[in-house]
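Here are my notes on this one, with the structure placed where you can follow along. I hope the numbered points are handy to work through.

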Amino acid sequence: MSLTVLDPTGEKQAARRAWLDRPEKLEGLTIGILDISKTKGDIFLDRIDELLQQQGLKTKRYIKPTFTRPAPLELKQQIVRECDAVVEGLAD
Amino acid sequence: MDWSDGIIAVVKQDCPTCVLVEPVLQQLSSGETPLTVYVQDHPSFPSNVSRVIDDCSLEHSYHLNIETVPTLIKIEAGCEVERAIGWVKEEWCELTGAETLGADLPDFRPGCGSLSVAPGMVEKLELRYGNVSFCSRRIVIAELEDDSEACFDRGWSDGLPVVPPTEERVYRMLKACRRDPAEILGAMPPDLVSCTVEKVAINAVMAGCKPEYFPVVLATVEAALDPAFGLHGLLATTFFSGPMVIVNGPVRESIGMNWKGNALGQGNRANATIGRALQLVVRNVGGGRPGGVDQATLGNPGKYTFCFAEDESTPWTTLAEQRGFTRDQSAVTVISADGVQPFVDQISREPEGLVRSMAASLRVVNNVKSAGAPDAIFVVSPEHGHVFDRAGWSKEQTTEALQRELQIPGEQLVRGAGGIPPGMSDSVKGMVLGKFRPEGLRLVRAGGEAGLFSAIIPGWPAIGEMGCDPVTKEVFV
């Protein structure tokens, strides 16, 4: 006889998550750079910033209050408002 | 269900009283009032009765709310108007209107338990015939599939076998609390999925919990979901830490938890499965899995399960008391925890020396050069505890003495000091720093009577508002 069990998972997760659409090119876009407040992350992101600016791209910098928690909703919404793409950087 | 007017008798052949009254049922069957007999085990019983209905499914017994057989019920206008339980000659005569019944029988014989209330049967019948529904998806495991392997295959396991969460098992778990199964306890990280009482029950079943543990599991999940606990970061960290559960109050004894020998080890079902249930909820409901959001470099064995009770038979205040609860309240505290670091002192017999010895061992938590974080728990064993008890030292006094011994000159903590490269910046020179923040060292009592060994359990270095603070919640049994 078959056995019926109840799903222990959140169920809201799709089997696969779709990626957001990637920009075809970066020209003319504003690139957000999010520092998650982990030690030395700023060194890594400074270099990313420099490389993007060398390509003539506009960048904006953001910092999470702490790496231990998800970014506050306000910060996420601010990035959405102000940027076309975002680089989230981690270094340790 | 609809019942036709007349008399209903519910019996089973396995009941000596039902066998005793067989002639009475035969007599009633030939009377004017219609008699319907529902039999729970053998449809051939009772003999020579015209209307016998097979109730081996127990559906009728369930709907009639039968607890004892024989039960005699009078139905008028489709409704029950009178009921006699067991064999009480006078009551049977009154109910049926017969002048005499079973003249040769004794006046009274108690009945037997109805099969519909046999252990484990109640939930089966409530699920089959009652008004029970679940919000969660039903997943059918094929006949040829091994149920335990099926749970592994679906990614529901922490690496050890889980108990398949059948509807009956989940329903039994849910019945152990008075909460609405659809109640949302919070958003479970990292996926921030609504975590319902029902989802916790499913995972508690899989962890191996008995239903009586469920109120403790619920309080544990509620504590872990408190924003102050910072579960998101804790489950994601590269560090060793995971959540540890300490239980206080009467529930410890009620559900048979262990705070004695091997309290931090294996072998006690409640300790083992309550801690595991929390981790399975994180894994399955929140989606926090090793290699995914859980990026631990090494982890620690406590991430399977880490739960124990405090020994409350000592003169010391309990952890829950320190956190605002009384001894007659049951409470769980969740704290971030790494592995166990042994503390051995078989020589100190006075509290002053023992405190210095303990402090020196605490100095090396994470690194001898670190100060200010993480927090740590010191699990003081009975033999070490007796040293403080004999001298009349309270938990608070002992903690203060330890903190005094753990004030460290900055010169010892800077980079390079002692020939050890890591450390703090030179700016701490001339300062005195606490190894732990003022509230960051917590003593609890547990352990077996023999052994001058205690345990240091450090936690996650991200503490306070920017990390993880312990959270205590009351257990409502």
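1. First, a term for the core: a nonpolar core is a set of buried Ala, Val, Leu, Ile, Met, Phe, Trp, Tyr and Cys residues joined through C-beta atoms within 7 Å. A residue is buried if 20 or more other C-beta atoms lie within 10 Å of its own, exposed if 12 or fewer, and partly exposed in between, with C-beta atoms placed from the backbone. By that rule the largest nonpolar core has 98 residues, and those with the most contacts inside it are B:Ala201, B:Ala204, B:Cys209, B:Val216, B:Val217, B:Val245 and B:Val281. Helix α9 (residues 214-225) of chain B gives the largest share of this core, nine residues. A second, separate core has 27 residues, including B:Ile8 and B:Phe45.

2. A word on the ground rules. The model is predicted, with local features needing pLDDT of at least 70 and side-chain atom pairs pLDDT 80 or more, while totals for chains, interfaces and linings use all residues. Residues are numbered from 1 along each chain as its sequence is written, and chains are lettered from A and ligands numbered from 1 in the order in which they are written.

3. Which residues does B:Val216 touch, not counting residues up to four places away in sequence? They are B:Val247, B:Val251, B:Ile255, B:Ile274, B:Val332 and B:Val475. Contact here asks for C-beta atoms, placed from the backbone, within 7 Å.

4. Chain A has two helices and four strands, in the order β-β-α-β-α-β along the sequence. Both kinds of element are DSSP runs numbered from the N terminus: helices are H or I with at least four residues, strands E with at least two. Helix α1 (residues 41-54) of chain A has 14 residues and reaches 20 Å from its first C-alpha to its last, close to the 20 Å expected; the expected span is 1.5 Å times one less than the number of residues. A:Gly56, with a positive phi near 80°, follows that helix.

5. Please look at the overall form of chain A. Buried residues make up 17% of the 92 residues in chain A.

6. Strand β11 (residues 184-188) and strand β12 (residues 193-196) of chain B pair in the antiparallel sense over four bridges; pairing requires at least two DSSP bridges. B:Ile184 has B:Thr196 as its bridge partner in β12(B). In the loop between these strands lies B:Pro190, and the peptide bond from B:Pro189 to B:Pro190 is cis, with omega near 5°. B:Leu192 is in that loop too, with a positive phi of about 55° although it is not a glycine. Most residues other than glycine have a negative phi, and most peptide bonds are trans.

7. Is B:Arg363 buried or partly exposed? B:Arg363 is partly exposed, because 17 other C-beta atoms lie within 10 Å. B:Arg363 lies in the loop between α14 (351-362) and β17 (376-380) of chain B. The loop between α14 and β17 also holds B:Pro374, joined to B:Ala373 by a cis peptide bond with omega about 5°.

Technical notes: Two residues are in contact if their C-beta atoms, placed from the backbone, lie within 7 Å.
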